Amino acid sequence: MINKIRKGILFVLSYFGFYPVQLGQNLRGVFQYWSEYRLFKKQAKDYTNWRFRFYPIFTDKYDQSGKARGQYFYQDLHVANLIFKANPKKHVDVGSRIDGFVSHLASFREVEVLDIRPLDSDILNVKFKQADLMQMQDELRESTESLSCLHTIEHFGLGRYGDPIDADGHLKGLKSLTEMLKPAGLFYFSTQIGKSRIEFNAHRVFDVQYLLDVFRPDFDLELFSYIDDSDKLHTNVTLSDEDIARNFGCKLGCGIFVLRKKA
């Protein structure tokens, strides 16, 4: 209970730009910074003609070599690998992270990207189009045999990304995504799983059973994986009624579905 209250206080403080943990880490680093600075100046006798300025970075020495963690990291790598193996003629993505999943795909293939927000960058192998997928466009119907939408549908209709407020936004978005796929096409989909709730305006969280019920009329489930609350990836998981009912033990996990559209 105390830990939960502590996390809540830190969360509120962060909204006002105050990060106590980061402050403590910086104070820890500042003393070592000056110690190492004095040592460096003693050694730098041959560089007196070089321009010198201060650019302190205090915390990198206490981090690991890389931040290989988090739902986006594991999800992006896992699904990109699946698409690499499937090697579709055409792949379209809706709303997934450009500097993660989309860039993984663009390293080995062309990908068409749709997003409600604009994209000014010119990226190799990425063809971008701005679109609101809560409103289906005729030219997108049955336009691809391979489609992805990762960690995105939970935001539809909440206004967070400039989209219109719509309580049914996730259902309208899924309807559009379904219509985009050709019969027998593959749909790579992920979203947050746990007890169904709306955390306005950040995201929705979905019961696994709710999602399965939504998919059932139009899709067959080919593969299910998930990332648990400890950021551990579980691949090719067998679904059981018990696990579905408890959302695989997740409060804020990530379910990753590979679905095939019914012919």
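## Reading a predicted model, feature by feature

Colleague: Which residue forms a salt bridge with Glu139, and how far apart are the closest N and O atoms?

Modeller: Glu139 pairs with Lys129, and the closest N and O atoms are 3.0 Å apart. Glu139 sits in the loop between strand E3 (126-130) and strand E4 (144-150), while Lys129 is in strand E3, so the pair ties together parts that are 10 residues apart in sequence. Keep in mind that this is a predicted model. The general idea is simple: side chains of opposite charge can pair when their charged atoms come close.

Colleague: How many salt bridges does the structure hold?

Modeller: The structure holds 14. One of them joins Arg97 and Asp76, with 3.1 Å between the closest N and O atoms. Arg97 lies in the loop between strand E1 (92-94) and helix H4 (98-106), and Asp76 belongs to helix H3 (residues 71-86), so this pair links parts 21 residues apart in sequence.

Colleague: What about Asp166 and Lys172?

Modeller: Their side chains meet in a salt bridge, 2.6 Å from N to O. Asp166 is buried, with 17% relative accessible area. Lys172 is partly exposed at 38%. Salt bridges can also share partners: Asp138, Arg141, Lys175 and Glu179 are joined into one network that way.

Colleague: Now the backbone. Where is there a cis peptide bond?

Modeller: Look at omega. The bond joining Phe200 and Asn201 is cis, with omega about -5°. Asn201 is in the loop between strand E6 (197-199) and strand E7 (203-205).

Colleague: And phi? Which residue has a positive value of about 50° although it is not a glycine?

Modeller: That is Asn87. Its place is the loop between H3 and E1. Asn87 is exposed, with 57% relative accessible area. Asn247 also has a positive phi, near 55°, and is likewise a residue other than glycine. Asn247 is in the loop between helix H7 (241-245) and strand E10 (253-261). Asn247 counts as buried, at 6% relative accessibility.

Colleague: Which residues form a nonpolar patch on the surface?

Modeller: Phe11, Val12, Tyr15 and Phe16 do, with about 540 Å² of accessible area together. Take Val12 as the case to inspect. Val12 lies in helix H1 (residues 2-15). Its relative accessible area is 45%, so Val12 counts as partly exposed.

Colleague: Step back to the chain. What secondary structure does it have?

Modeller: The protein chain has 7 helices and 10 strands. Its C-alpha trace spans about 75 × 50 × 35 Å along the principal axes.

Colleague: How many of the residues count as buried?

Modeller: 38% of the 263 residues do. The accessible surface comes to about 16,300 Å², and 54% of that belongs to carbon and sulfur atoms.

Colleague: How do I read contacts and charges?

Modeller: For contacts, look at separation in sequence. Among contacts with a separation of 6 or more, 65% are between residues 24 or more positions apart. For charges, compare mean positions. The chain has 36 positive and 34 negative charges, and their mean positions are 8 Å apart.

Notes:
Residues numbered from 1 in each chain as written. Predicted model: local features only at pLDDT ≥ 70, side-chain atom pairs only at ≥ 80, totals over all residues. Heavy atoms only, no water. Helix = DSSP H or I, 4+ residues; strand = E, 2+ residues; numbered from the N terminus. Buried < 20%, exposed > 50% of the residue type's maximum accessible area, 1.4 Å probe, protein only. Contact = heavy atoms within 4.5 Å. Areas by Shrake-Rupley, 256 points an atom, 1.4 Å probe, with all protein chains shown as cover. Lys, Arg positive; Asp, Glu negative; His and termini not counted. Charge placed at Lys NZ, Arg CZ, Asp CG, Glu CD. Patch = residues over 30% accessible without salt bridge, like charges linked within 9 Å, V, L, I, M, F, W, Y side chains within 5 Å. Salt bridge = Lys/Arg side-chain N within 4 Å of Asp/Glu carboxyl O.
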